[in-house]
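Subject: Structure for your files

Hello,

Here is the structure I said I would pass on.

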Amino acid sequence: MKIVNNLSTFYQLLINDKKLLRLLYYLPKDDVDDPLDESKIEVSMLPEKDLIINNLLVIGDKTNDLTMDSSFCRICLYTGSRTPQKHYLNKTKQFIDNPYCSTQQYIFDIYTPNSINNVDFRLDWLGEALNEVLFHGEQGELNELRFHSGMPLLNIPNGFVGYRWTYILPSDQKARGYQK
């Protein structure tokens with residue numbers, strides 16, 4: 001089980017992606033304002049970058065500070081369900097839980113002010129950017145990452161729209177027990 005290591009890896013991938021940070025931070029002033037415009041300063045180069053990134057990318061499901069006046073989008077990253085993997089036994093012709101292998105869900109909730117989502121489909125744009133970050137690059141230990149599900153978020157702050165992206169990673173652990 002490498003849950004903390006995986007969360008840390010996901011977080012590092014997200015904070016180091018310039019496109020994703022621009023999409024989270026730069027809200028459009030009108031329908032031709034492009035957050036990816038080269039004339040805009042990279043988020044990682046802004047003087048208050050640490051505070052900004054801490055508001056854009058949050059470990060945990062924190063939305064109580066999102067208000068109608070919030071001028072940014074947010075991704076919340078946290079773990080979901082952990083279930084044992086199934087193993088088929090030919091002898092009994094049934095599936096049983098494998099106590100040494102499990103599947104961990106990792107959840108990415110994306111929140112976008114409703115007013116800008118109507119301008120440039122920012123919620124969907126962020127979902128595409130998230131998938132690019134997770135699946136197009138050096139994944140290292142995340143090479144077994146798989147998309148699990150996606151669904152609109154229903155319990156969201158007033159003035160926001162949200163979407164949950166769920167991914168799964170299998171994990172193995174060494175058998176422990178009686179040892180001589």
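Basis. This is a predicted model, in which local features need pLDDT of at least 70 and side-chain atom pairs count only at pLDDT 80 or more, while totals for chains, interfaces and linings use all residues. Residues are numbered from 1 along each chain as its sequence is written, and side-chain values use heavy atoms, with hydrogens and water left out.

Overall layout. The chain has 5 helices and 5 strands, taken as DSSP runs numbered from the N terminus (helices: H or I, at least four residues; strands: E, at least two). Their order from the N terminus is α-α-α-β-β-β-α-α-β-β. Along the principal axes, the C-alpha atoms fill a box of roughly 65 × 30 × 30 Å. Of the contacts in the chain with a separation of 6 or more, 63% are between residues 24 or more positions apart; contact means heavy atoms within 4.5 Å.

Of the 180 residues, 41% are buried. Buried is under 20% relative accessible area, exposed is over 50%, and partly exposed lies in between (1.4 Å probe, protein chains only). There are 19 positive and 23 negative charges, and their mean positions are 14 Å apart. Lys and Arg count as positive and Asp and Glu as negative, with His and the chain ends not counted; each charge is placed at NZ of Lys, CZ of Arg, CG of Asp or CD of Glu.

Core. The largest nonpolar core has 44 residues, where such a core is a set of buried Ala, Val, Leu, Ile, Met, Phe, Trp, Tyr and Cys residues joined through side-chain atoms within 4.5 Å. At least two residues each come from helix H1 (3–15), H2, H3, strand E1 (57–59), E2, E3, helix H5 (122–135) and strand E5 (160–172). H5 gives the largest share, 6 residues. Phe10, Leu57 and Phe108 have the most contacts inside the core. Beyond its neighbours within four places in sequence, Phe108 touches residues including Phe10, Leu14, Ile75, Leu130, Leu134, Tyr163 and Trp165.

Salt bridges. The structure holds 7 of them, each being a side-chain nitrogen of Lys or Arg within 4 Å of a carboxyl oxygen of Asp or Glu.

- Arg22 pairs with Glu42, with the closest N and O atoms 3.3 Å apart. This pair links distant parts of the chain: Arg22 is in helix H2 (residues 18–25) and Glu42 is in the loop between H2 and helix H3 (49–56), 20 residues apart. Arg22 counts as buried because its relative accessibility is 4%.
- Asp65 pairs with Arg74, the closest N and O atoms being 2.7 Å apart. Asp65 is partly exposed at 28% relative accessible area, whereas Arg74 is buried at 0%. Salt bridges with shared partners join Lys62, Asp65 and Arg74 into one network.
- Asp120 and Arg122 form a salt bridge at 2.6 Å, N to O, and both residues are buried.

Loop residue. Asn90 lies in the loop between strand E2 (74–89) and strand E3 (94–113). Its relative accessibility is 59%, so Asn90 counts as exposed.

Regards
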